[in-house]
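Take a look at the chain shown here.

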Amino acid sequence: MAKKLGFYIFAALFIFAGQFLVNQDLVSGTPPPIVQTTLAGENAMQRISKGPAVLYFWAEWCGICRSMQGSVSNVLRDYPGLTVAVRSGDDSALQNYLNDKQLNWPVVNDNNGSLGQRYGIKGVPAIFFINATGDIVFTTVGYTSEWGMRFRLWLAGLD
């Protein structure tokens with residue numbers, strides 16, 4: 001019994017340490033400016049300038065991102081947001097992917113990954129939650145459920 005408990009404590013510490021390491025470089029506070037427009041020609045920063053809003057970094061080649069598509073679509077119906085496709089091909093390939101998957105997302109193409117680097121991401125999916133004054137107040141990396149996103153957006157709206 002003590003061996004099992006020790007294993008679970010070790011596993012929990014390992015997971016929390018991993019989350020800390022993955023999240024430690026993510027930007028908080030004022031978001032770095034996004035000068036690119038969305039594929040539809042919209043001003044990207046205006047979409048997330050006032051929250052609660054979500055900024056979602058993803059990639060078309062990412063299996064976890066694919067498993068979150070429905071949740072992200074549902075959240076984006078109810079909250080302002082912006083998605084950033086990291087290293088997912090040129091604009092045409094990216095638009096074809098969005099059409100094929102029936103994703104009606106506002107997307108900025110970060111084909112070379114430089115925007116993701118400015119936000120401190122080391123992997124996708126990465127989500128930034130923005131409050132009413134436009135500051136990043138929460139971040140997460142990896143799979144996040146729809147309810148997890150909604151809860152963080154609700155908290156971001158309390159500021």
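Start with R150 and E146. Their side chains meet in a salt bridge, with 2.9 Å from N to O. Keep in mind that this model is predicted. Side chains of opposite charge can pair when their charged atoms come close. Both residues lie in helix 6. They sit 4 residues apart, about one turn of the helix. An α-helix has 3.6 residues a turn, so residues three or four places apart point the same way.

Is this pair buried or exposed? Both R150 and E146 are buried. R150 has a relative accessibility of 15%. The cut-off for buried is under 20%, so R150 counts as buried.

R150 has another partner. Its side chain also meets that of D78 in a salt bridge, at 2.8 Å from N to O. D78 lies in helix 3 and R150 in helix 6, so this pair ties together parts that are 72 residues apart in sequence. The salt bridges share partners, and they join D78, E146 and R150 into one network.

How many salt bridges does the chain have? The count comes to 3. One of them links E42 and R47, whose closest N and O atoms are 3.0 Å apart. Here the setting is partly exposed: E42 has a relative accessible area of 33%, and R47 has 26%.

Now look at the rest of helix 6. The helix spans residues 146-156. Its buried residues are E146, G148, M149, R150, L153 and A156. What covers them? The cover includes strand 1, helix 3, strand 4 (126-130) and strand 5 (136-141). F151 is also in helix 6, but F151 is partly exposed, with a relative accessible area of 48%. Together with W154 and L158, F151 forms a nonpolar patch on the surface. The three residues have about 360 Å² of accessible area together.

Next, step back to the whole chain. The chain has 6 helices and 5 strands. From the N terminus on, the order is α-α-β-α-β-α-β-α-β-β-α. Of its 159 residues, 42% count as buried. Now take the contacts with a separation of 6 or more. Residues 24 or more positions apart account for 72% of them. The chain exposes about 8700 Å², and carbon and sulfur atoms supply 58% of that area.

Turn to helix 4, at residues 91-100. Which of its residues are buried? They are L94, Y97 and L98. Seen down the helix axis, these buried residues fall within an arc of 95 degrees, so they line one face of helix 4. Their cover includes strand 1 (53-58), helix 3 (63-78), strand 2 (81-86) and strand 3 (107-110).

Y97 is then in contact with W58, E60, R66, Q69 and L103. E60 is 37 residues from Y97 along the chain, yet their C-alpha atoms are separated by 7.5 Å.

Follow the contact to Q69. This residue lies in helix 3. Q69 counts as buried, at 12% relative accessibility. Not counting residues up to four places away in sequence, Q69 touches Y97, K101, L103 and W105.

Finish at the two ends of helix 4. D90 lies in the loop between strand 2 and helix 4. At the start of the helix, a side-chain oxygen of D90 reaches to within 3.2 Å of the backbone nitrogen of S92. The D90 side chain also reaches the backbone nitrogen of A93, at 2.8 Å. D90 counts as partly exposed, at 46% relative accessibility. Beyond four places in sequence, D90 touches N109 and N111. Its C-alpha atom is separated by 9.7 Å from that of N112, a residue 22 positions away along the chain. After helix 4 comes Q102, whose phi is positive, near 55 degrees.

Notes. Residues numbered from 1 in each chain as written. Predicted model: local features only at pLDDT ≥ 70, side-chain atom pairs only at ≥ 80, totals over all residues. Heavy atoms only, no water. Buried < 20%, exposed > 50% of the residue type's maximum accessible area, 1.4 Å probe, protein only. Arc of directions from axis to C-beta. Contact = heavy atoms within 4.5 Å. Polar contact = N/O pair within 3.5 Å; in protein donor to acceptor, adjacent residues only side chain to side chain. Areas by Shrake-Rupley, 256 points an atom, 1.4 Å probe, with all protein chains shown as cover. Patch = residues over 30% accessible without salt bridge, like charges linked within 9 Å, V, L, I, M, F, W, Y side chains within 5 Å. Salt bridge = Lys/Arg side-chain N within 4 Å of Asp/Glu carboxyl O.
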